[in-house]
Amino acid sequence: MKIEIEKTADGSPTLYREDIDEHYHSVKGALAESRHVYIDLGWRKRSASANTISVFEIGFGTGLNAALTAKEALDDATKTIYHSVELFPLPKQTTDILLPFQEEGYRDEFRLVNDAGWGEMVEINPFFTLHKIQDSLLTMDLLQGIDVVYFDAFAPEKQPEMWAPEIFRRLYEAMNPGGILTTYCAKGSIRRMLRDIGFIPERLPGPPGGKREVLRATKVLGL
């Protein structure tokens with residue numbers, strides 16, 4: 001597959017996949033989107049009530065979400081175990097090219113999460129352990145006791161199989177009560193599906209200059 005590097009509106013880079021005509025991040029701001037959708041609305045919301053946070057990311061991609069979470073975990077001294085599934089990992093030469101374009105504040109974490117081996121638990125810093133899984137979300141056995149889900153698959157129009165009700169039902173069952181799922185996709189059909197499964201979905205404002213709305217869904221306490 002042909003992949004090109006593009007600069008987004010906030011100056012941070014993303015990748016473009018020609019075969020599916022899709023970007024890895026929002027062209028309105030890759031860094032802004034990741035920080036807002038996954039850190040601010042996901043990881044931070046759970047960090048106040050959990051001694052150790054278990055994160056499950058769908059779509060490791062460039063490693064940006066993992067790098068930002070690793071930096072936040074260290075800065076906030078919050079133990080985080082981060083599992084990320086990706087069926088087609090990017091080659092190292094691609095992430096190496098992306099490295100100089102990352103902000104200095106998390107550049108070391110970006111390098112470390114991309115250099116980490118697949119299929120093993122790797123301590124990135126004293127508060128962040130990374131487990132990269134090369135597998136398909138459609139067929140893998142899900143880990144249990146998840147606190148936060150970063151749902152960062154390609155758009156439903158590009159990968160409809162990743163947005164099937166059965167996927168979200170399995171995620172719901174694997175999550176702890178009170179666990180939350182965040183995603184950039186706020187389509188009404190996705191929100192209604194999550195509600196039917198048992199989540200409490202919320203449409204929330206998107207990142208400044210980016211998407212108008214994003215989605216957070218919470219697993220009801222006690223269920």
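## Close-up views of the predicted model

**View 1. D75 counts as partly exposed, at 48% relative accessibility.** Partly exposed lies between buried (under 20% relative accessible area) and exposed (over 50%), with a 1.4 Å probe and protein chains only as cover. This is a predicted model: local features need pLDDT of at least 70, side-chain atom pairs count only at pLDDT 80 or more, and totals for chains, interfaces and linings use all residues. Residues are numbered from 1 along each chain as its sequence is written, and side-chain values use heavy atoms, without hydrogens or water. D75 meets K71 in a salt bridge, 3.6 Å from N to O. A salt bridge here puts a side-chain nitrogen of Lys or Arg within 4 Å of a carboxyl oxygen of Asp or Glu. Helix α2 holds K71 and D75, 4 residues apart, about one turn of the helix. K71 is partly exposed, at 26%.

**View 2. R212 and E213 form a salt bridge.** The closest N and O atoms are 4.0 Å apart. R212 is exposed at 68% relative accessibility; E213 is partly exposed at 24%.

**View 3. Salt bridges with shared partners join D40, R44, E72 and D76 into one network.** The structure holds 15 salt bridges. In the pair E72 and R44, the closest N and O atoms are 2.5 Å apart. This pair links distant parts of the chain: E72 sits in helix α2, R44 in helix α1 (residues 30-47), 28 residues apart. E72 is buried, with a relative accessible area of 17%. R44 is partly exposed, at 34%. Side chains of opposite charge can pair when their charged atoms come close.

**View 4. An open sheet of 8 strands runs in the order β6-β7-β5-β4-β8-β9-β11-β10.** Its pairing is mixed. Strands (E, at least two residues) and helices (H or I, at least four) are DSSP runs, numbered from the N terminus. Two strands pair if DSSP finds at least two bridges between them. The edge strands, β6 (121-125) and β10 (199-205), each pair on one side only. From one strand to the next, the twist averages 20°. β6 and β7 (residues 128-133) run antiparallel, joined by 4 bridges. N125 stands opposite F128 of β7.

View 5. Axes are lines fitted to C-alpha atoms, for helices over the stretch in contact (heavy atoms within 4.5 Å). Angles run from 0 to 180 degrees between N-to-C directions.

**View 6. Helix α5 (residues 165-174) carries buried residues.** They are I167, F168, R170, L171, Y172 and A174. These buried residues pack against β4, β8, β9 (175-183), α6, β10 and β11.

**View 7. Strands β1, β2 and β3 form an open antiparallel sheet, in that order.** β1 (3-7) and β3 (22-23) stand at the edges with a single partner strand each, so one side of each has no neighbour in the sheet. Between β1 and β2 (residues 13-17), which run antiparallel, there are 5 bridges. K7 has P13 of β2 as its bridge partner.
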